[in-house]
Amino acid sequence: MSDRESITVAAPEQVHRFVTATIPAQASTSNNPAVDRSLAVESKLGDLHVSLAHYPVLDRLSVIVLRAIHLPLHKGISNPDTYVKVTFSKGNNVLKVKKTNVKCDTIEPFYNETFHINATSDDLPTCSLLLSVYQSTGSDVTSDGKLIGRVLLGGMMYARGKELEHWTDMLCQPRTMVKYWHALGK
């Protein structure tokens with residue numbers, strides 16, 4: 001008997017009960033809950049909404065930084081100027097670094113900026129994508145601002161939890177934009 005024959009499959013009604021019990025009621029407002037994970041999980045450092053898509057024929061990864069919410073206010077600053085730095089790495093080698101435009105005077109910036117990165121399907125399991133949210137210092141253009149928080153997306157070598165799930169969903173659904181909210185961490 002092979003391994004395939006020994007696997008027990010649950011009845012469809014059991015699967016439906018499991019799926020409906022694990023998906024919050026708010027998620028059903030999305031048109032396609034498997035692709036659009038628009039639930040914001042509030043964190044102390046804020047949340048970042050990101051969309052990923054891989055186009056295997058073009059060997060291209062598209063990253064859209066959509067928006068950030070609940071960013072913390074630092075002492076003495078009422079409305080920070082923020083931007084997101086996108087770093088794409090393969091193993092320990094940084095291949096590409098890009099930044100969004102600075103969004104002024106808001107703690108809930110709307111970026112909606114797209115970055116295209118050349119990456120083959122074979123390379124993606126060993127790659128990672130670091131998205132860092134910074135508060136612009138404004139005084140020195142050449143230096144990075146103050147780090148608010150970051151999120152690391154990638155394969156099992158780099159990410160866990162929702163970050164790994166986002167990366168895996170993107171790989172399993174080529175040519176489809178997969179959106180997720182990510183809680184920022186240090």
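## One aromatic pair

The count of aromatic pairs here comes to one. Its members are Tyr83 and Tyr134, and their rings are stacked. The centres are 5.5 Å apart, with 15 degrees between the planes. The model is predicted, and side-chain atom pairs count only at pLDDT 80 or more.

The pair links distant parts of the chain. Tyr83 belongs to strand S4 and Tyr134 to strand S7, 51 residues apart. Both tyrosines, Tyr83 and Tyr134, are buried.

## The sheet around the pair

How are S4 and S7 paired? They run in the antiparallel sense and share nine bridges. Within this pairing, Thr82 stands opposite Gln135 of S7.

S4 and S7 belong to an open sheet of four strands. The order is S5-S4-S7-S8, and the pairing is antiparallel. S5 and S8 are the edge strands, since each pairs on one side only. From one strand to the next, the twist averages 20 degrees.

In a regular strand, side chains alternate between the two faces of the sheet. How enclosed is S7 by the rest of the structure? Eight of its nine residues are buried, so S7 is largely enclosed.

On one side, S4 joins strand S5, which covers residues 93-99. Six bridges hold this antiparallel pairing. Lys85 has Lys99 of S5 as its bridge partner. S4 and S5 form a hairpin with two residues between the strands. In that hairpin, Gly91 takes a positive phi near 65 degrees.

Ser128 stands opposite Gly154 in S8.

## A helix on the sheet

Helix H2 packs on the sheet and touches S4, S7 and S8. The direction of H2 makes about 50 degrees with that of S8.

His166 is found in H2. Is His166 buried or exposed? His166 is buried, because its relative accessible area is 0%, and buried means under 20%. Beyond its neighbours within four places in sequence, His166 is in contact with Val50, Leu52, Leu153, Val178, Lys179, Tyr180 and His182.

## The nonpolar core

The largest nonpolar core has 26 residues. Which residues have the most contacts inside this core? They are Leu48, Phe88, Leu129, Leu131 and Trp167. Several elements give two or more residues to the core. Among them are strands S2 (47-55), S3 (60-69) and S6 (110-118). S4 (82-90), S7 (127-135) and S8 (146-154) also contribute, as does helix H2 (161-172).

Conventions
Residues are numbered from 1 along each chain as its sequence is written. This is a predicted model: local features need pLDDT of at least 70, side-chain atom pairs count only at pLDDT 80 or more; totals for chains, interfaces and linings use all residues. Side-chain values use heavy atoms; hydrogens and water are left out. A nonpolar core is a set of buried Ala, Val, Leu, Ile, Met, Phe, Trp, Tyr and Cys residues joined through side-chain atoms within 4.5 Å. Buried means under 20% relative accessible area, exposed over 50%, partly exposed in between (1.4 Å probe, protein chains only). Two strands pair if DSSP finds at least two bridges between them. Axes are lines fitted to C-alpha atoms, for helices over the stretch in contact, and angles run from 0 to 180 degrees between N-to-C directions. Contact means heavy atoms within 4.5 Å. Rings of Phe, Tyr and Trp (its six-membered ring) pair if their centres lie within 6.5 Å; planes under 30 degrees apart count as stacked, over 60 as edge-to-face and the rest as tilted.
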